Amino acid sequence: MHMPQLGLGTFRLQGQQAIDSVRNGLELGYRHIDTAQIYGNEEEVGRALANAKVARGEVFVTTKIWTENLDSERLAASLKESLRKLRLEQVDLTLIHWPSPGKAVPVAESMQALLAAREAGHTKAIGISNFPVALMREAIDAVGAHNIATNQVELHPYLQNRTVAAFARDAGIHVTAYMPLAYGKVMDDKVIGAIAARLQATPAQMTLAWLLAKGYAVIPSSTKRANLASNLDATALVLAPQDLAAIDALDRGERLVSPEFAPEWD
Ligand SMILES: NC(=O)c1ccc[n+]([C@@H]2O[C@H](COP(=O)([O-])OP(=O)(O)OC[C@H]3O[C@@H](n4cnc5c(N)ncnc54)[C@H](OP(=O)(O)O)[C@@H]3O)[C@@H](O)[C@H]2O)c1
């Protein structure tokens, strides 16, 4: 799987705003777009992709299966519906968006269904999202770690998710950091701000460069073309060890995303 390390998030983006963000992103050079069934914007993402002057093979597209669709029948049908909305024959990556609430559908059933979707050619790779270690183990038991391309989890300076990241690394599963800017909170951080000022960069760039240095994929979102452009430039920044360490020290276990159906976190 070749997933560009920096991608474009689309959570909350609706209608024209979703179209514009993806269009701007593709024009600026983003080649990895992250959407989900529940975002209600797969059609807009599909429209922006169809209108872009970028060959299909050059863009990596991820979608995620919503919790209502985790049994094998609905998973297959809903992924086909996602493909229709996205105007694609195949997505690059399909994730289980959240573990099944109350374990209503066994992890193994959803993972086997994803594998079948991959074999049918509907997705190139498969993975998981919001899976703590215990559920990662179940997913690995079901299909093997080599078939799990990534675990997409909340990860930013204030929630560094070290237990999950270490387990994933040891299992050979790539980590994708969602909400990498802590939904904009890092912009007000004094430590990150000071490093950014010294390097004549932005706090968002510092944060993304820190995550990229750790080997994670990152999928920041923005409604503004200027922010999309400067975030993409983070791929060219290299932080000194003492600056990486200063951001490492900001972890405070601050989780921003934890709906009532969330699994027990590590
Ligand atoms: N798997 C999951 O369960 C899950 C959950 C949450 C998110 N995600 C994925 O992760 C993506 C990213 O998370 P997110 O969108 O929630 O949060 P985020 O990327 O951490 O933060 C986005 C916020 O930061 C602001 N921002 C972005 N770049 C900026 C810059 N250079 N300067 C100043 N402000 C900036 C944006 O405002 P402006 O629009 O004003 O720039 C927006 O308010 C989502 O879009 C989604 O694809 C996945």
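How much space lies in the largest cavity? In this predicted model, about 60 Å³ of space lies in the largest cavity, and the count of cavities of 30 Å³ or more comes to 2. The lining of the largest cavity is made up of Asn 130, Phe 131, Pro 132, Val 153, Glu 154, Asn 161, Val 164, Tyr 178, Arg 255, Trp 265 and Asp 266. By class, this lining has 6 nonpolar, 2 polar and 3 charged residues.

The second largest cavity has a volume of about 50 Å³, and its lining consists of Leu 70, Ile 96, Pro 99, Ser 100, Val 105, Pro 106, Val 107, Ser 110, Met 111 and Phe 131. Helix 4, which spans residues 107-119, provides the largest share of the lining of the second largest cavity, with 3 residues. Of the residues that line the second largest cavity, 8 are nonpolar and 2 are polar, while no charged residue takes part.

The largest pocket holds about 800 Å³ of space, and of the 35 residues that line it, Phe 11, Arg 12, Met 179, Tyr 183 and Ser 221 are the closest to its centre. Helix 8 (203-213) and helix 9 are the elements that give two or more residues to this lining, and the largest share, 3 residues, comes from helix 9. The lining of the largest pocket divides by class into 18 nonpolar, 14 polar and 3 charged residues.

The second largest pocket contains about 270 Å³ of space, and among the 15 residues that line the second largest pocket, those closest to its centre are Ala 165, Ala 166, Arg 169, Lys 214 and Tyr 216. At least two residues of this lining are supplied by each of helix 6 (162-171) and strand 7 (174-178), with helix 6 giving the largest share, 5 residues. Of the residues lining the second largest pocket, 8 are nonpolar, 3 are polar and 4 are charged.

The ligand sits in the largest pocket, and the shell around the ligand comprises 30 residues, of which Asp 34, Ser 221, Ser 222, Thr 223 and Lys 224 come nearest. Ser 221, one of these nearest residues, is also among the residues closest to the centre of the largest pocket. The shell divides by class into 13 nonpolar, 13 polar and 4 charged residues.

In the side chain of Tyr 39, an N or O atom is 3.4 Å from a nitrogen atom of the ligand. Taken alone, the ligand exposes 900 Å², and 89% of that area is buried by the protein.

Technical notes
Residues are numbered from 1 along each chain as its sequence is written. This is a predicted model: local features need pLDDT of at least 70, side-chain atom pairs count only at pLDDT 80 or more; totals for chains, interfaces and linings use all residues. Side-chain values use heavy atoms; hydrogens and water are left out. A residue is near a molecule or strand if one of its heavy atoms lies within 4 Å of it. A polar contact is a pair of N or O atoms within 3.5 Å; within protein, one must be able to donate a hydrogen and the other to accept it, and residues adjacent in sequence count only if both atoms are side-chain atoms. Accessible areas come from the Shrake-Rupley method with a 1.4 Å probe; for residues, only the protein chains shown count as cover. On a 1 Å grid over the protein atoms alone, a cavity is a set of points where a 1.4 Å probe fits but cannot get out, and a pocket is an open set with protein on both sides within 12 Å along at least five of seven lines; lining residues have an atom within 4 Å of a point. A molecule sits in a cavity or pocket if more than half of its atoms lie within 2 Å of its grid points. Ala, Val, Leu, Ile, Met, Phe, Trp, Tyr, Cys and Pro count as nonpolar, Asp, Glu, Lys and Arg as charged, and the others, Gly among them, as polar. Grid points are joined across faces, edges and corners, and a volume is the space filled by probe spheres set on the points. Helices (H or I, at least four residues) and strands (E, at least two) are DSSP runs, numbered from the N terminus.
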